[in-house]
Amino acid sequence: MDAIVVGLGGMGSAAVSHLAARGHRVTGIDRFTPAHDRGSSHGRSRIIRQAYFEGAEYVPLLLRAYELWQELERDTGTSLLTITGGLMIGTPESETFAGSVASARAHGLPHEILDANEIRRRFPPFHVTPELVALYEPMAGFVDPERSILAHLRHAARLGAELRFEEPLLSWEASPAGVRVTTTRATYEAERLILATGPWAPQVLSDLGLPLTIERQILFWFDPIGGVAPFHQDRFPIYIWELEDGLQFYGFPAQDGPPGGVKVAFFYHGEPCTPETIDRNVAPSEVDQMRSVIAGRIPALNGPLLDAVTCMYTSTPDHDFILGLHPEHDNVVLASPCSGHGYKFASVIGEILADLAIEGTTRHAIGAFGLGRFTTPFI
Ligand SMILES: Cc1cc2nc3c(=O)[nH]c(=O)nc-3n(C[C@H](O)[C@H](O)[C@H](O)COP(=O)(O)OP(=O)(O)OC[C@H]3O[C@@H](n4cnc5c(N)ncnc54)[C@H](O)[C@@H]3O)c2cc1C
């Protein structure tokens, strides 16, 4: 079998790696030179966790994602995954807390329930008020997106994948006989095609009229007041904190290397955009908005701003992924595992995309991610 993968970001880089590892001929194509900061997979850290408040059905995929990240670390001799533990903070009724507890219980995942006093005792930077609780899970942490894209691509290249950068896709066509892809430089033919174009998916798949929203997001790095020591990876976990109005913000421990400091961001809450129209500048009012949330809750984090960069979510209305065969071409596989929470799954999504390209099916439970949930009324 031979395949073409268009888009070598988080998902496409994993797909070329899995296809090459299974001995298939694969050509990967990207409009830029990955790992780059023009799409959805940059900013040095992505939360990974198991007690998934978004739905217990994600947990088996997560467990496999951990195994595959560790396998990639071994295969490439690179450190990609940092386990720090994670806190899911909210009121007892909040989706963040209650949903995480439900997932942990459904799958017997190790976890602890902490009240506000215990949170403050164990993690002093968090100034939680008495009505707040948290689920603590020891296996949470973060994946480095740029390093893991490069690890997947290097692994794929070593196994014979042909990778082409700075080569935008112009058009593609599929028939039962195979697929043909035309870029700015050449035309390629293969048996199968995987389209993993991230926030460019609405353009590449415009015929399908998928209800995807591209959302501008901002990542902030602050230099903590009093230094980074209380935010060190040994003692400060990743966290998601749900506010009274349902808005969530999240963050990471300190990471070595540029831009330094400690990263924090809002989950969703961005403006609609496109990869062409996104405003890459971050306004002072946007920094103030982030500060207004952290000032009373993680006061030591509210120091000088070191950096602020934009990134894009590609979101479905139900915030579940799109992952499956093209409704009209069963030799074309579509992947938009985003809605702001896809990166942690990239390793297992590579395995699933390879399964779908090779066999047209997968042993993994991806029924909830089919395109049929959006396209059926229109066909
Ligand atoms: C600010 C932010 C924070 C996030 N935090 C988390 C988190 O903590 N945990 C988590 O699990 N997930 C998180 N996510 C979501 C996660 O990062 C995304 O789900 C993931 O990066 C999507 O990967 P992708 O491969 O679909 O897209 P991308 O990585 O953007 O890859 C798409 C690729 O396709 C290429 N491409 C597009 N069009 C063409 C074309 N015409 N021709 C050739 N190539 C093309 C692009 O150049 C790009 O390289 C976050 C996302 C953002 C933006």
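## Close-up views of a predicted model

View 1. In E16, glutamine 248 has glutamate 242 standing opposite. Like everything shown in these views, this pair comes from a predicted model. Strands E15 and E16 run antiparallel and are joined by four bridges. Together the two strands make a hairpin, with five residues between them. Look in the turn for glycine 246, whose phi is positive at about 90 degrees.

**View 2. The two sides of strand E16.** In a regular strand, side chains alternate between the two faces of the sheet. Which residues of E16 point one way, and which the other way? Gln248 and Tyr250 point one way, Phe249 and Gly251 point the other way, and all of them are buried. E16 also pairs with E17, again in the antiparallel sense and over four bridges. Within that pairing, phenylalanine 249 faces another phenylalanine, residue 266 of E17, which stands opposite.

View 3. Leucine 219 has alanine 265 of E17 standing opposite.

View 4. Is glutamate 112 buried or partly exposed? Its relative accessible area is 34%, so glutamate 112 is partly exposed. Apart from neighbours within four places in sequence, glutamate 112 is in contact with Arg122, Ala134, Leu135 and Tyr136. Valine 101 is eleven residues away along the chain, and its C-alpha atom is separated from that of glutamate 112 by 9.2 Å.

**View 5. Helix H2 against helix H5.** Helix H2 (residues 59–76) packs with helix H5 (residues 145–158) at an angle of about 60 degrees, and their axes are 10 Å apart. The two helices are therefore oblique to each other, and the crossing of H2 and H5 is left-handed. On the H2 side, Trp69, Leu72, Asp75 and Thr76 meet Ser148, Ala151, His152, His155 and Arg158 of H5. By class, the residues of this contact of H2 with H5 are three nonpolar, four polar and two charged.

**View 6. Helix H2 against helix H8.** H2 also packs with helix H8 (residues 346–359), here at an angle of about 95 degrees and with the axes 7 Å apart. H2 is therefore roughly perpendicular to H8. The contact joins Leu61, Arg64, Ala65, Leu68 and Trp69 of H2 to Ala346, Ser347, Val348, Glu351 and Ile352 of H8. Seven nonpolar, one polar and two charged residues make up the contact of H2 with H8. Keep an eye on Trp69 of H2, which is named in the contact with H5 and in the contact with H8.

**View 7. Serine 17 in helix H1.** Serine 17 has its place in helix H1 (residues 10–21). With a relative accessibility of 4%, serine 17 counts as buried. Beyond its neighbours within four places in sequence, serine 17 is in contact with His152, His155 and Ala156. Of these, His152 and His155 are also among the H5 residues that meet H2.

**View 8. The sheet of three strands.** Another open sheet has three strands in the order E10-E11-E12, with antiparallel pairing. At its edges are strand E10 (169–175) and strand E12 (187–190), each pairing on one side only. Neighbouring strands here are turned against each other by 15 degrees on average, direction ignored. Strand E11 (residues 178–183) pairs with E12 in the antiparallel sense over four bridges. Where does valine 179 find its bridge partner in E12? The partner is alanine 190.

Note on methods
Residues are numbered from 1 along each chain as its sequence is written. This is a predicted model: local features need pLDDT of at least 70, side-chain atom pairs count only at pLDDT 80 or more; totals for chains, interfaces and linings use all residues. Side-chain values use heavy atoms; hydrogens and water are left out. Two strands pair if DSSP finds at least two bridges between them. Axes are lines fitted to C-alpha atoms, for helices over the stretch in contact, and angles run from 0 to 180 degrees between N-to-C directions. Angles under 35 degrees count as roughly parallel, over 145 as roughly antiparallel, 65 to 115 as roughly perpendicular and the rest as oblique. A crossing is left-handed if the near helix is turned anticlockwise from the far one by less than a right angle, and right-handed if clockwise. Contact means heavy atoms within 4.5 Å. Ala, Val, Leu, Ile, Met, Phe, Trp, Tyr, Cys and Pro count as nonpolar, Asp, Glu, Lys and Arg as charged, and the others, Gly among them, as polar. Buried means under 20% relative accessible area, exposed over 50%, partly exposed in between (1.4 Å probe, protein chains only).
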